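User: Please take me through this structure term by term. For each label, I would like the value set against its definition.

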Amino acid sequence: MSIYGYVRISTAKQSIDRQIRNIKQAFPTAFIIQETFTGTTFQRKEWHKLIKAVKRDDTIVFDSVSRMSRTADEGFTVYESLFKQGIRLVFLKEPHINTDTYKNALSKSIPMTNTSLDLILSGINQYLMALAKQQIQIAFEQAEKEVLDLRQRTCEGIQTARLQGKQIGQRQGAKLITRKSITAKQVIIKHSRDFGGSLSDIEVMKLAGLSRNTYYKYKRELKQSK
C-alpha cells in the first residue's frame, strides 16, 4: 500500500513548499508528485502518471480539495471513479470528505428486516448516501467558487487601476531589464565581434546561454543604446 502526495501550483511563480510541508507532516513517508499546471485533470501529465501508477488500497493525499480539482462536476466524477477503484483519498483541509468518511457512511447503512419496515429503512439508507455525496459535491463547488471569485476580484482590480491611470503590465516597446539580461549583454559586449570581441554570433550565443531570438534582441538593444 503506497502513499502519494499530490501537490500542484498554477504558475512557476507560486511556491509549492507549503503543500509539501503539510503533507509530509501528516504522512512522512508519502512520495510527492509535483505539478505546475492550471486546468482540468484531463490535461495534467503528472496527474495522469499518478492515476496509472496507483493500485487498490493505495492513498493519495492532497493539501486541499482544490489541488485535485477546481471544477465541481469534474472533481466529483474523479472522486467517485477513484473511490470505486479502492483508492483512498485524503484532503488535509477538508477531512469530512475523505474516502474513509464516505466508506463509513456506506457501511453504516441500516440492515433490512424483511418486513414492511424495509420500505422506510431503504429510504433512510438512500438519504444517508445522498447526504454523503452532497457533502463531497459542496466541497468541490466551494473550491470552484473560490477560483471564480479570485478571477473576478483580479479583473475588478485591474479595471480600477486602469481607471486611476495606472499602467498595467509592461509598456509597449519598453525594455525588460533583469539580472539575466544584464549579465548576457555584458558577455555580448565583451566577446561579440560587433563590439570588438573575437567570437562569432553562434559562439557568443552558446557562451551566454541564449536562444537565437533573445541574442539578436539583446544585440539590437545594445546597438541602439550606443
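User: Which residues of H4 are called buried, and what does buried mean?

Analyst: The label buried requires a relative accessible area under 20%, exposed requires over 50%, and partly exposed lies in between (1.4 Å probe, protein chains only). In H4, the buried residues are Ala72, Glu74, Gly75, Phe76, Val78, Tyr79, Glu80, Leu82 and Phe83. This is a predicted model, in which local features need pLDDT of at least 70 and side-chain atom pairs pLDDT 80 or more, whereas totals for chains, interfaces and linings use all residues. Residues are numbered from 1 along each chain as its sequence is written, and side-chain values use heavy atoms, without hydrogens or water.

User: What makes the length of H4 agree with that of a helix?

Analyst: The expected span is 1.5 Å times one less than the number of residues. For the 13 residues of H4 this comes to 18 Å, and the end C-alpha atoms are 18 Å apart, so the two agree. Helices (H or I, at least four residues) and strands (E, at least two) are DSSP runs, numbered from the N terminus. Just after H4, Gly86 has a positive phi of about 85 degrees.

User: How many helices and strands does the chain have, and in what order do the elements run?

Analyst: There are 9 helices and 4 strands. From the N terminus, the order is β-α-β-α-β-α-α-β-α-α-α-α-α. Of the 226 residues, 35% count as buried.

User: What makes a set of residues a nonpolar core, and which members of the largest one touch the most others?

Analyst: A nonpolar core consists of buried Ala, Val, Leu, Ile, Met, Phe, Trp, Tyr and Cys residues joined through side-chain atoms within 4.5 Å. The largest has 24 residues, among which Met68 and Leu89 touch the most other members. Elements that each supply at least two of its residues include strand E1 (3–9), helix H2 (45–53), strand E4 (88–91) and helix H6 (118–163). The greatest contribution, 6 residues, comes from H4. Contact means heavy atoms within 4.5 Å. Beyond its neighbours within four places in sequence, Leu89 is in contact with Ile60, Phe62, Met68, Tyr79, Leu82, Asn98 and Thr99.

User: Why are the buried residues of H7 said to be on the same side?

Analyst: The residues concerned are Ser181, Ala184, Lys185, Val187 and Ile188. Their arc around the axis is only 155 degrees, which places them on the same side of H7; the arc is taken from the directions from the helix axis to the C-beta atoms. Arg179, Gln186 and Lys190 are exposed on the other side of H7. The cover over the buried residues of H7 includes helix H8 (201–208) and helix H9 (212–224).

User: Why is Leu199 called partly exposed?

Analyst: The relative accessible area of Leu199 is 23%, so the label is partly exposed. Leu199 lies in the loop between H7 and H8. Its contacts, apart from neighbours within four places in sequence, are His191, Ser192, Arg193, Val204 and Leu207.

User: What makes Lys219 and Asp194 a salt bridge?

Analyst: A salt bridge needs a side-chain nitrogen of Lys or Arg within 4 Å of a carboxyl oxygen of Asp or Glu. The closest N and O atoms of Lys219 and Asp194 are 2.6 Å apart, and the pair forms a salt bridge. Lys219 is in helix H9 and Asp194 in the loop between H7 and H8, 25 residues apart. At 7% relative accessibility Lys219 counts as buried, whereas Asp194, at 39%, counts as partly exposed. Lys219 also forms a salt bridge with Asp201, with closest N and O atoms 3.0 Å apart. Shared partners join Asp194, Asp201, Lys219 and Lys223 into one network.

User: How many salt bridges are found in the whole structure, and which residue forms one with Arg88?

Analyst: The search finds 8 salt bridges. Arg88 pairs with Asp100, the closest N and O atoms being 3.1 Å apart. This pair links strand E4 with helix H5, its residues being 12 apart.
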